[in-house]
Each structure stands twice: as C-alpha cells, then as structure tokens.
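Me: I would like a close look at one part of this model, a pair of packed helices. Please define each term as you proceed.

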Amino acid sequence: MRIGRPGSQDRRPNGGPAIVCRAVRLGYERNVVVHDLDLSVKPGELVALLGPSGSGKTTLLSAVAGFVPVLAGEIEIDGRVVSDARRHVPPEARSVGFVFQSHALWPHLSALDTVAYPLRRQGHSRDDARARAAVILDRLGIGRLAARRPSELSGGEQQRVGLGRALARGARVLLFDEPTANLDAALRTTLQEEIAEQRQRTGAAALYATHDTAEALALADRVALLRDGRLVQIGSPTEVYDRPVDLWAARLTGPASLLEVSVGDVGDGRAAVAIAGQIAPGVAIEGSTEAGSSPQALIRPDWARLGGELTGRVESIAYRGTHTDYRVSTAAGIVGIREGGAPRVEPGATTGWCLERAWLVRAERA
Amino acid sequence: MAEVRGARVAATTLALAAAAAVIGLPVLRLAATAMEHGPTALVGALGGPLAARAVANSLWTAAAIAALAVAAGTAAALVTERVAGGGRRWLRAGMLVPLLIPPFVLALGWTRAFGPRGYLDQAVGVELPGLYGPLGIVLVVAVAAAPVAYLIVAAALASRVEPDLERAARMSGAGRLTVLRTVTLPLLRPALLGATVVAFIFGLNAFGVPAVLGAPAAFGTITTRLYQDLAFSASDAAFERATALATSLVVVAVVVVGAADALLGGRRAARTGLPAGGGGGQAGRLGVAILAVAIVVVTALPALALLATAVTRAVGLPPVPANWTLDNFGEALDVRTVGAIGRSLLLSSAAATIVLGLAALVLAGVRRGPGRLAGTAVTLGFAVPGSALAIAVLLAWGGVLRDTLAIILVAYVAKFWALGHRQLAGSVDALPADLVRAARASGARPLVVLRTITLPILRPSILAAWFLVVISGLHELTMSSLLYGPGTSTLAVAVINVQQLGDPTVTASLAVLLTALVALPALPLLWLGRARAIGSAGAAG
C-alpha cells in the first residue's frame, strides 16, 4: 500500500466510489443506532457527517473502520465488500486510517514509534519505519517531538501524532471521529487546516464526523446531516446552508431566524414579501413556494442588512471582531442580522433593514 | 471471527475446569461430608459447648474488627485524601505498611511492645490489659485489616466522590462537617459497605492472631478450634466437628458476601474536575498528626519491638547495643527453617504464576454465561475462609496429595486466584478501547495487538499482581498450618511452631526473617506509589 497521490482516482481501474454504504443498519437488534443508511464517498472527496451527539456519526465511522459489525446492508471500500450481514473484514485488513477523538495514543510508545507502528505492521524494518515516520512527523511540524511519550505532549501535539499515525498507513480511506473536539478554538482551526492539507496530499477519501457546523462547512466537499441515525440531507456546503430541507436541518447548519411572511407572485426567482404589513420588494425566494400554504421564511443572518424599507428595533448587539450580530425585533418575530465591522447602531434604537433572500419552509415541518 | 470465538470458548473451558478442580469440587466435598450424617448431626456437632462458643466468638470478634477497621480506615482515608498536603505520600505508605507484615507477626510484635514483660512494661511498668484475649485479638486484627478498608475507601474518595461535589456543597453554605455528613459519607456508602464486608471476612478468616493471643487466655475461635481438632486430635468426632465448623464458616462468608453483592449492584461514577487539594486548617493538621502517631504506635513500635527482641541476647534485657547479637538468627536458621524458606518462596511464586495464567484465561475467555460462572467460582474461593478452604481441599485431594507441597499449592491457587484476577481485570477494564482499535486500524492482527500494545501497557499491573500473590503466599499461615506434613512446612508455619514451643527470641528472629522476605522487595513498590497494587492483599492473611 503506497501513500496515494493527488488525482490518483483517475487512474483507478474501476473509477468507482471509495466508500459505499448500502442500507447499512447498525447498533443492536433492540436498539438500532443507524437506520438503513445509504452514502457513498468518491475518491479524494471529504464528506462531513454533521449531527448532534447520539446521531450515529461515531457508530457509522466504527462500522466503516470494522470496529463494529453491521446488522444489515453492506459496506464497500474501494470496490470490495468489507461488511455485510455475514462477512466482516477485520480493521487491520481494511485500507483505513482512523483519527480518534480521544487521540488514543499508546502510553508506552514515543511519537516516532507511534507513527512508525502502522509501517512496521506493513513489514517495514524498524529503521525504515522510523525513517518514514520521521518524515511524516516533520511534515506535520512536530519532528522535534519524536522522542516524547503521549504524557509529555499537549492536546494539539497528541492529535497531530494521531493524524500522523492515520496517514502513515497510506490508506485509501481516512476516518475522522471529531478529531478537534477536545482542542481549544485556536488550535482547532490550525489542526483543521492541517487535516485538510494533509488529506489533499494523499488524495484519500474521507469521512469526517463532527458536531461543529463551521468545521463541516469549511472542510467538506459534501456535508451529510445525520439525525437519530438517519440521513436527513446531503449536499455541498452551500447547498445545505442555503437550501436546508427542513427547519431542523436549517438550525443544524447555521444561525437562522424564522419569520411569518406572505409571499407575492414569484417571478424570475424573486418576489415581494410582506412582513407584518411592511413590504420587502425583490427578495430572492427559494423553497416551498406552492400556493395556499402559509410559509415561514428562514433567514440567515447574512441574507438581511441594516438600512432599508423595513423597520425594527435593535434588541441586542454582539460584537465579534470580524463582524457584529444584531438581533432586530419586528412585529413578525426576531431576525438576526450579521454585518461586517463594529456596531453601527445602539441597542434599543429603531432601525431600518432590508431582506435580500429567504428560504421558505412549510410551517408543519417545524 | 470464528477462530477468535473458538479460542475464547477454549480459554473459558480451561478456566472453568481449573476452577472446578481447585474450588468447586473441594467446597462441594466439604458440604457433602458435613451433611453425611444429616442436618441433625451437623447441628449437633456445632451444638457442643466448645464449638458453639467458638462460633459465637468468631462472629462477634469479626463484627468488632470490621467496625474498628472501617472506622479507622475511613478516618485515615479522609485525612490522606482530603486534608494532608505535602506529607500525603508518607501517610499513604504508612497506612499500607501493615500489609507487609503477616498479622500473626504483628501480634507477636504487640506482645513484645505492649504485653507482659514487653518493652513498655520494662520501661515504665505499664502493659496493655487484655492483650491476651478478645481485646488484643480485635485490636491487632483491626490494625491488620485497616489498610484494606483504607484502600477501598480512599479509592472511592478519589474516583466516586468528586472533589467538585464537595466544593459545590461548600459554596452552597455547608461547613466541613456538614459536607462530610450530607455529601461525602452518603456517596461513600457503597465503599463503606464493601469495606465492612471485606474486613468482616478478614476477621472471620483470622487464624494466626487468635492462635498467638487467644490460646493463652483459652479464647477459641472457629479457626483455632478447627486447627486444634485437626492437628491435635485423630478422633472421628473431632473431624466431624471440624467439617461442621468449616461449613459454618463457608455459610457465614457466602451469606455476607452475597448480601453485600446484591446491595451494591454495579454503581459507578466518572471523575471530572480538579483533584482535591491539601490545606485543611487547624483541624486538618490535627488529623494528620493523630494519623501519623497512630501509625507509629500500632505498626512501627510493635515491628521495632520484634526486631529488638530478635537482636537481643535474651528476653528481659534492655535492647541496647551491649546486648545485641545475631546468634538468635543463627539458631533460627537451622536446616529445617532454611528448607521452609525455600518451600515458601517456591510455593508462592508457583502459585502467583499459575494464578496469573488462570486470570488471563478468564479475561481472554467469553464474558457472558460460563465466563461469569468462572468469575463467581473465583470469588467464592476468596470469600471462603482459609481454614474451611484447607479442609475442603484436604477432603477433595487429600487422598492423592496428602502431605505434599502440591496440596498446599492447590489451596493457594484456590485462595489467591481472585487476587490476581481482580488486579489484572481492573487494569484490563481501565485500558481504553480506542487504544486497541487504533492498533487494529493501523494494520495489527489481534495477536500482534496483544504483543505490541496490550501486554506492554499492562506490564506494570501484571508484575504488581504477581507480587501481590507472592506476598500473600509468603504470609499464608491458616491453610498451610492445616495442610503441611513432614518436610512440607512453610516459613510461616515454622514461625508459629517455634512460637508455640515458647522461645521468644528465636520466634522473633524467624518472624523478622519472614517479614523481611516480603517487605524488602515490597518497600520500593510502596514508595513508588504502586501501593494500590499491593493493597487488596489484605483478606489473604
């Protein structure tokens, strides 16, 4: 097994997906955790599994890795069935690398020997495995920590070693189980960049479990929303952000306000929207626009701006450095508005605002 | 997967066979023998005045020992885990020192320090009244059992009772004592119950201490009565009484342990937050001082008294350098005792090695069904008091193995299997599953994972478990004294035999040798903070 090269998917004999889950059911007979899930990941693609805790992300990753068997359905890696109701290829015989939330570093091995471990299992001599591991550690910027044991490493360093170990196997498939969940915010961002960069180098397919929306949107080629072990929606980051299938999906994929509205005739994707008696003209409209329903308008904070024909009262302001979040109350409800820079109005002031786009959802999907 | 499953089933089958041979069969033989002449005969055998008094004495001393040991162990745990600052490490080690001294050696030390013609008597003319008799037995066995209770409570304080939970009560307005009453002790309840059971069994099991302190006062317990019936009498009636007494021991132990098990269930709590810090103010410093003094008085002084007796030319002389001699050791180390030392070391290390192999089989085997059965059998072997277990083993295996080292080995394995098992199972359970998964995801097959990950990480625990069983084996007196034959006595048996001949200086020298055999290798372990490992040794004595 060699470390994959970027674009290597084009040279693969069948060119098919790297991971396929067909009607995969996981858990126990009496407590099914993942229900008949279908998912496929193309070579070189990163699919984020986004969902709250208990949604089955980790269980799904464990099944792909071969830590748990499937109750029904089948899992294919690189065109080969590795799990179905009767067959179970053990983890060591699957081409997977796994990065654990708990880091899972072995207390008795140095960073170097930890990264060399998968190479040793592939039959490399001790010296050869260590030399290769040293290269990987260097690439991750922790070459100087090679001799340290896990107890002598910080959380971020530990997870870099864990990443190095997963990369060292040169696997076709990388699995990430909330790898940044135990790290602080600043470290999380750098490690995310590290993961993105390293994975792109290898060209491996990846499943990345997380409950952090920003992380999922930033890293993923596609985002899969998981709820109670079921796939709610899968699509590109902009798709799941701009066009959530329901309110639950909308709330999971980012901040959103809901306003009671009525919508005029849609022409060219735009319509006039009445909000508590005031009219916002020319709003870009998508979603369920069939007549007769009384829709709710889902509004991302970047879809509205301060200043305009609508009026509201500024309830509160949160300055976040790069931008400011305003909560503006209207007769139809509270709308969150995000604008770049420092606050422009005082809390309590009456302000004009305008709506640029809205995603309509039927009320009963709430 | 099928191969792995097959290996697991094979491991469990082997473990079950071993458990049946060393524990199941003997205990069943004991029960069958006791019931041979019907329940009336059993009750009749227990109804005799001597036997009835022995049962009553055993029960009330064990209860008193449990109460005293748990109170002392809990107080000590509160001091070391919640109050003590810098000296915590020393106090912890001090609390565990009695584990390194066989209880009957501790009793000998107490007689030399506080008994008639002891050093306290010589120095200021004061002796502890009632040292020979129930009071002395309860005190000394409680001192020996306190570390076990201490370990259980201290472990619970460290894992179950979150320091943050206590801090939350403090910031809700509760004072130190209120926190203790309303938060700490209620959370400790399972641990206190567990400690009480273990200390009660420890007291019920005690043989060496009642033999040393009870015999001169004609105070008999089940264990000493059993010993007399078996060692000094060949009559059928005596043997019948012995099996009846042994059965009563088994019943009491099983009832107590079973009831506690049912009450305890499997309750656990996870730990978060900061560890508790030192700094307990005035009251805390007082607690530390009291604990330190208590450790010195109940453990260090008796041990020193014994050592002084061993190196002094004759009893009654003051232990000053002018009177020092090593002749007592020379006298003690005759051919027979040297042989006994060799046999003790051989038996203990053989038992430790076998026990660890068996524990590994149980852990590698299936977890449900038959696996649980093996676990139950192992616990039974530990709960059954040594005297009863020895008679059970004698009944089951005496026909072929009587008067051989092998029969003592069978008894040791039956008794100490649980020690090795618990120690090993504890660290196996504490091993995060992700560490094994990470190795599998790195391409390692199960056996490679065992060799490269599991065993290296567990190595300290395996060593500690081995030492634990060796220490317990070296200390073992109860079963050895009933099972030894011509040329198969162990060192502990040799000490008690010399003691009964009544030569205090030679006895002291042998006792010092026996203790040194255990303590010298174990002391560094204590200092390294591996105390927890040696900890559960307790109930073995």
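Reply: In chain B, the axes of helix α3 (residues 49-83) and helix α9 (residues 176-205) come within 8 Å and cross at roughly 135°. Here an axis is a line fitted to C-alpha atoms, for helices over the stretch in contact, and angles run from 0 to 180 degrees between N-to-C directions. Helices are DSSP runs of H or I with at least four residues, and strands are runs of E with at least two, numbered from the N terminus. The model is predicted: local features need pLDDT of at least 70, side-chain atom pairs count only at pLDDT 80 or more, and totals for chains, interfaces and linings use all residues. Residues are numbered from 1 along each chain as its sequence is written, while chains are lettered from A and ligands numbered from 1 in the order in which they are written.

α3(B) and α9(B) are therefore oblique to each other; angles under 35 degrees count as roughly parallel, over 145 as roughly antiparallel, 65 to 115 as roughly perpendicular and the rest as oblique. The crossing of α3(B) past α9(B) is right-handed, that is, the near helix is turned clockwise from the far one by less than a right angle.

On the α3(B) side, the contact includes A62(B), A66(B), A69(B) and G73(B). On the α9(B) side, A195(B), A199(B), F200(B) and G203(B) are among the residues that take part. Two residues are in contact if their C-beta atoms, placed from the backbone, lie within 7 Å. By class, this contact of α3(B) with α9(B) has 12 nonpolar, six polar and no charged residues. Ala, Val, Leu, Ile, Met, Phe, Trp, Tyr, Cys and Pro count as nonpolar, Asp, Glu, Lys and Arg as charged, and the others, Gly among them, as polar.

A hairpin joins β1(A) to β2(A) through two residues.

Terms used:
Pairing = 2+ DSSP bridges.
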